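Here's a quick briefing for anyone meeting this structure for the first time. Have a look at it first, then read on.

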Amino acid sequence: MLYALLAEFADPRALLDAVRRCRERYHDVDAYAPYAVDGLAEALGVRKNRVPLVTLIGGLVGGAGIYFLQWYSAVVDYPINSGGRPLDSWPVFIPPTFEITILGAALAAFFGMLLLNGLPKLHHPIFNAPEFELASRNRFFVAIRATDPEFDAVRTRAFLEGLAPIKVSEVPL
Amino acid sequence: MATDAGTLVPPPGERYTGAIITDKIADLVLVRPMHAGYYVGFIVTAAFTLLFIVAITYLFTTGVGIWGVAQPVAWAFALTNFVWWVGIGHAGTFISAFLLLLRQHWRTSVNRFAEAMTIFAVAMAGLMPILHLGRPWFFYWLIPYPDVMNVWPQWRSPLVWDIFAIATYIIVSILFWYMGLIPDLASLRDHARTRGKQVAYGLAALGWRGEARQWHRFETAYLLMGGLATPLVISVHTVVSLDFSFGLVPGWHSTIFPPYFVDGALYSGFAMALVLAVPMRKVFRLEDFITRDHLAKMGTLMLVTGLIVAYSYMVEAFNAYYSTDLYEIAMMRNRYFGPYAPISWSVILCNVLIPQALWSKRLRRNPLALFVLGLVVLLGMWLERFMIIVASLERDFLPSAWHMFYPTFWDLATLAGSLGAFAFLFLMFLRFLPAISMSELRKDVRQETIRAGTHT
Amino acid sequence: MSQVFSPRFALVLRIATVFVLAGIVAAAVVYRVNARGDAPQDDPIEQPIPFSHQHHVRDDGIDCRYCHTSVETSAFAGIPPLATCMTCHAELFNDAPVLAPLREAYAGGKALEWNRVHDLPGFVYFDHSIHIAKGVGCSTCHGAIDRMPLTRRVASLYMQWCLDCHRNPEAVLRPRDQVFNVEWQPPRDQKQRGAQLRQEYGLRSTRELTDCSTCHR
Amino acid sequence: MPPPVTEASGSLAMRARQRFWRSLSEAEGIPDATLPRPIDTRFAPNRRDFMKLMGASIALAGVSGCSHGSLEKIVPYRAGPAEQTYGKPVFYASVLPRDGYGVGVLVETNMGRPTKIEGNPSHPASLGATGVIEQAAVLELWDPDRSQTVKHGGTIATWNDFLAALQAQFDARAGTKGTGLRILTETIASPSLHAQIQSVLERFPRAKWHQWQPLNDDNLHDAAEMVYGRRLDTVCRFDRARIVVAFDGDFLDDAPASIRCALDFATRRHAHAAADARSRLYAFECTPTLTGAAADHRLPIQAADVGAAIAQLARALGATTVDVANVLPDAWIAAIVADLRANRGASIVVAGRRQPPHVHALAHVVNAHLGNVGNTIVHVPPAADDPTNQLASLRDLVEAMNGGAIDALLILGANPVYTAPADLAFASALAKVPFKVHHGLYVDETADRCDWHVPAAHPLECFGDLRAFDGTLALQQPGIAPLYDGKSAHELLAALAGDTTRGNRELVEAYWQRERASDFAAFNDRALREGIVDGSTPEPINVALRGDLAAVLAKATPSQPPRAADDIEIVFVADPRIGDGRHANNAWLQELPKPLSQLAWDNAALIAPALARRYGMENEDIVEIRVGGRRIEVAAWLMPGVPERSITLALGFGRTRAGHVGNGHGVDAYAIRTSDAPWFAGGVAITRTGRKHALACAQTHHAMEGRDIVRTFTLGEAQACTPDECGTPRYRNERTLYETPPTGPYAWAMSIDLSSCIGCGACTIACQAENNIPVVGKAEMRNGREMHWIRVDRYYEGDIADARALFQPVPCMQCEHAPCEVVCPVEASVHDAQGINVQVYNRCVGTRFCSNNCPYKVRRFNFFQYTDDVPGLDSQRNPEVTVRMRGVMEKCNYCLQRITNAKIAADVEGRRLRDGEVVTACQAACPARAIVFGDLADAQSEVNRRKSSPLDYALLAELNTRPRTTYLARVTNPSPALAQSTQQSRRREAPPAGAVDTRPRADR
């Protein structure tokens, strides 16, 4: 049973061309690179990216939360006269609020990125691909998954061969 | 600073490719052709780490009285170390986050180890305020949680702000650092030859596949983290400076502290970065990656921050006299002519006079000189914190309370120990993690080759 | 390249992590809930003589103040001198083996050492007299002492337990004549009555009642 | 005032401030007091010091003592004691000895443990106040170093063994009528004890009774004999005196009556005292004392010149014709004579016990001449029984011992081996006595050399009776049964008289039953309740000057022998803390800084800066002092106000058998004190040894650096000034960003009157006793870690030659805008509704930020577990105050426990607290009534009255901390005639405003 067919390239430009070509016929296409190749996502037709939104929410929640906690504990829960200052000394609530805003945003950004990327995922079929370790070194890969309606082991392979890759290999499931 | 500066200098006859970079850096961790210097350093730092542990144990069993702190100087070494270590942390974040936003590509060679430096420095810093407590086992009372006493932290206290600032800082630094590591960990996983390493790095890599979408989200998140870390780093030392300017002790009660402290922090941070980089590139033969350009750039940054520090000193003195406040003036005289005058003048020497040598381009490109200057500035900055904290406390409002501070053996042991522990952690880092970001470097060399039009 | 981790391993790891995290959170919540003022009652504390408040209070109908003489005048309610016990036990059960320690101590032998049931830390200064004077009844803190064959603590004595009352005394204030009535139950309109009594007794403001200096010195 | 200290201002306070000179180092090149070389504060090396910290109390239930889990035991009484309620303190009226004379006290006992001493308002020597000695007595009671068993030849024995041995002695000498039996006691002012001595002497007619205590009244009694032909006591009524001239007379500190003297003196010194009632004090003294510090005019003169000085005055007044060289400036004489003549019958001329009889005689003559006798001076029969010349008495004894004429000697209380003049060589003489018995609180130097030692019962442990300085009688009753095998002097003497059956109580009561056969029960009950035997105050006696007085005087007055220009004299003084050394083992007294030198744990040779310069000496230099062929080595300490050719050395140190606390501190001055010159001797040679001895000094800087700290005004200035000039102007307190937080029904506040404060330190030690404040030991003091909640700062003013000391007690100011609170991260330092800045020990984590941010530096930190566990001492603790553990901050809280308990009592009764119902420990002890505490919310309260004075000012008001504790400026009353000259001398020292070089010399 196949997971996908994988074409290997030595050069990001070749990769980009290949991806564009694949996209013309297939939908379930993906690409793998040792670093973030500019324009690759666009070439794959990736539009929306939720990371910034998640980060914003994280920041707001953190900031609002800590400010409320400060106000509640100092004014409502246990009002105590400290140095004759007003109970609701909002200016002094700002530093923690700022810090926790940042913290919330950072946590959101980090874990948001992981979850949206489906990580951690220690086992993945793509790792079955021969020479895939090069994907984290210097090689670039295009994969057409078997789940694609247009997918056909023979024709798709021929199509990939047509893209002048270093080689095409099958990725077992 | 030219954006494309800091280009790699490949060995004659070959050209750096992603492959070479990956192998060269990954092998440092996977194959480990360890240099004798490394083992020497390992043993020495381990010894000092042990001293640190002993000092802390004795402190906890006996009390802060083992230090020289007393009335009126109730804060001394611990707080000095704290401010100093936090400061050192700042350079790392500055390089990795601030320069990232400014698209300073030369940062890619140095950001990884600079971030490690930040984390370990902030860890040391974070310890100090806990150590200096009279009852350290109750430190968590500074953290808000619904306890059975129904009592909360006192939000007006800068020490509470510290907890938040430092905690946030160390967490964000670790996340930022770890995020940058994930693709490299994947590389290590893929290049590891033994099962054990595969599993270890495999777990750490969280199953990174280098998928296009993953890279896409990764880059956004990384950039956002940079954007968050930059204001954070400013805020952290601002809060630290408020520990002092919030008080009314003459010599503390000053509005220039935040910018003054932040800049001083970067100053000492770049110094530490140089002190670490110079031997590291030698021992691990990374001269091609961390080039003299890189060193020169950090040297320049050090010079700039140093000049701002010098300016702050002048402003401080000017303000004291301009205020015509009796106590401020007395404090300033006491600082430069009182019992601690030698310290204050050494500060001027180390932080203002000697670093002027950096005006010379030749010196800026001379690793050894930079290393030495780095040490000088580190010393100077520590003394500066000591001067601000101790010399101000020693003589405040009522002469009847004036009393000198003298350090004890355990004061020094704690400082030396923290240095040892810091260095120890750093060596561990070099041994188990890639000291330079491979993925970013791959991208850089690629783009350079493109620019050079020599790609195939 | 080959898989580093088997699918099963990956799955197990995932589940394990979730469980650990959930466990930590659960533990914290459980702890906090148990730390509430009306925490589950402690077991009775071992005593040299199995003294029964139930018998003395409920069956014999002895007033609290008969033994705890200084409860109205002093911080310390007072532990009865052996002579007080002997007023009855010279005659009653004067050969009961359980009372041997009492007789021995009274005869001048080994002293009788009760174990403290309500043991506040040294930095907390509780004063019985003021609570009695302001209409806080015995059973409010000591519970249904008349139903305790062996004496036990019914309150956690946590600071927040004290604060619950100091923040809202209306909930427990009773008419002075009911203070020593261990059977007293708050009436349905306790809220208004409490407020009334608070006025009448001239209780300090909640602000003052929750000052640190009220209990700590 | 104060204008922000920044502006140069012509206001009074500014001028007042400018008078203060800069640090001694500036003025005269005296190094600031020890900038200590670091002492390694590691715990282990300090262990020995920590063993000394018995003054430090033990943690029964310290802050750590959250004893959940471990079971606490409650042990019921067998039958409850009648007079006490559980958990409530009981006060017993009793009397404590001070140089042998009685001071009435109230002993506070908690569950049977004496924990605190208060003064007895109805006792003439106390009037409710106490001195440091009385306050510290309770620590002495619990001192584990006290002798605990009878000892024979150093080994443990029993009382019966002793009685047997005694009997054996009698048998051996049956029929000798006590030939060779001698009894040595200290001053005895106790009828019952005296009666017992008499009965012993009746049983053994040939036995003899000797007296010796180093601080005795020989000179006074001899003078009385010289002038009036009989030995009698002279009582000075300072409350009636408008002019006081003291010739080396430290009546405020160095006399059995000093507490009462201070009280009386203060009535005419308060800042609010009416101008015409205000007294003026001239002091001529050979060593800096509290009296000198309180004086309006002080002139340092050598001890040897005091006689000439008073003679000069007497002559100028025409009171006598004794002719000796003049030593005082004519201007001074003129001014004093004018003042005295203008205040006939309302003045006092007083001399100190240091001065020889003829000086006192001249004082008597002058007082008589001025018609003071009967008004400000009252003569009463001697309070002491048989007030013989103790020095002579001791000399007889020693001669007899050396002559081998003595075969049995009983020493009651005295420690002659340590205190006897060196030339008498008491120890070697003692060795010749076959049977020697010592009776005392400690196994001291004398006990060491006696065959038998009998532990004495502490005054707080036994019955008895004592006469006060004025003869008023009071009964002594125990606060607790003897802790150890202690016996009262009564029991010992009874045994000697052959009565071994009756105990201390029976003996004393038996005596009074004889005396008051008619109404004993009523008498005893009343006397014990009141604390005095009313009607026992003796009638003043009218005595006439002897006819041949002039001749006697002429004979007695030595014609001033010519002295070499640079002849240096040494002056022996009683240590202001541990007296003649009997209190050397009392950690509270040892650690209490001496009022002027601010030294603790040591004595030092106090030398004038000028002299030091001449010999190139600095602080802590060990110098060798040789006088009359004897020598000692002692650390030097530079003191302004010491006459240039005089050295002051305190007695009582260098103990070898005092106990863990007292041993080895300081140097034994008795070693060079001889019977022919017991108080001062000329012909002293000093040389530097080149070695140093570390001294612990509580204050390392002496000058106010031109800062507005202690405000002083002359009477004239004070009358002229308005609040805005002298006090803290009101407008300064109105401005604020914040609405003032709601206050509760009470608003506590304190006012400290710097005019009446004499700087004695009673407040500090009373606070220590009340609040379980630990002792830290010498090493920690040098590190600047003393724990006193209220310290008495001492600054210097005026010309270095006669530097004037200014005292300022500094407790927590209880700021309304407390800087310490806003920086505490855990709400351990917060404000309560009654305006107290409370420190919640159990919440404190010890960041010490509060201390850094406290401009008054009144916060104290437990750097170690100072409250060390020393068995026995825990019993002294005040159960109403938390015992602090290591790592927490502590400080004054206006005796919160007293406020709270009083409030609860009032609330139970459903009433409001009355003014004066709550009295803080420092206020209660203060012999000068300088401290007043009360409720600002009560418009009628005394504290409000004081704060309405134009002289009321807040310390460092410009910081707008709004202290609840404020000060009344110090008002002096200089003689118009002399004021001018002194003003000049001060102006010379005025610093350029603001520009102050704060460098101590050591740092240059």
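How many Å separate the centres of domain 1 of chain C and domain 2 of chain C? Taken over C-alpha atoms, those centres are 46 Å apart.

Keep in mind that this is a predicted model, where local features need pLDDT of at least 70 and side-chain atom pairs count only at pLDDT 80 or more, while totals for chains, interfaces and linings use all residues. Residues are numbered from 1 along each chain as its sequence is written, chains are lettered from A and ligands numbered from 1 in the order in which they are written, and side-chain values use heavy atoms, with hydrogens and water left out.

**Chain C and its domains**
- Chain C splits into domain 1 (1-35), domain 2 (53-79 + 115-215) and domain 3 (82-113), with bounds from an automatic or database domain assignment.

**Where chain D meets chain B**
- Chain D brings 70 residues to the contact and chain B brings 66; contact here means heavy atoms within 4.5 Å.
- About 5700 Å² is buried between chain D and chain B, with 59% from carbon and sulfur atoms (buried area is the accessible area, 1.4 Å probe, that two parts lose on being put together, summed over both).
- On the chain D side, D:Arg707, D:Arg843 and D:Arg886 lose the most area to chain B, together 13% of what that side buries.
- Two salt bridges cross the interface of chain D and chain B, a salt bridge being a side-chain nitrogen of Lys or Arg within 4 Å of a carboxyl oxygen of Asp or Glu.
- D:Arg843 makes a salt bridge with B:Asp147, and their closest N and O atoms are 4.0 Å apart.

**Where chain C meets chain B**
- Each of chain C and chain B gives 13 residues to this contact.
- Chain C and chain B bury about 1000 Å² between them, 64% of it on carbon and sulfur atoms.
- In chain C, it's C:Val4, C:Phe5 and C:Arg32 that lose the most area to chain B, together 47% of what that side buries.
- The salt bridge count between chain C and chain B is zero.

**Aromatic pairs**
- Over all chains there are 75 aromatic pairs (rings of Phe, Tyr and Trp, its six-membered ring, with centres within 6.5 Å; planes under 30 degrees apart are stacked, over 60 edge-to-face, the rest tilted).
- A:Tyr67 and A:Phe93 pair edge-to-face, 5.8 Å centre to centre with 80 degrees between the planes.
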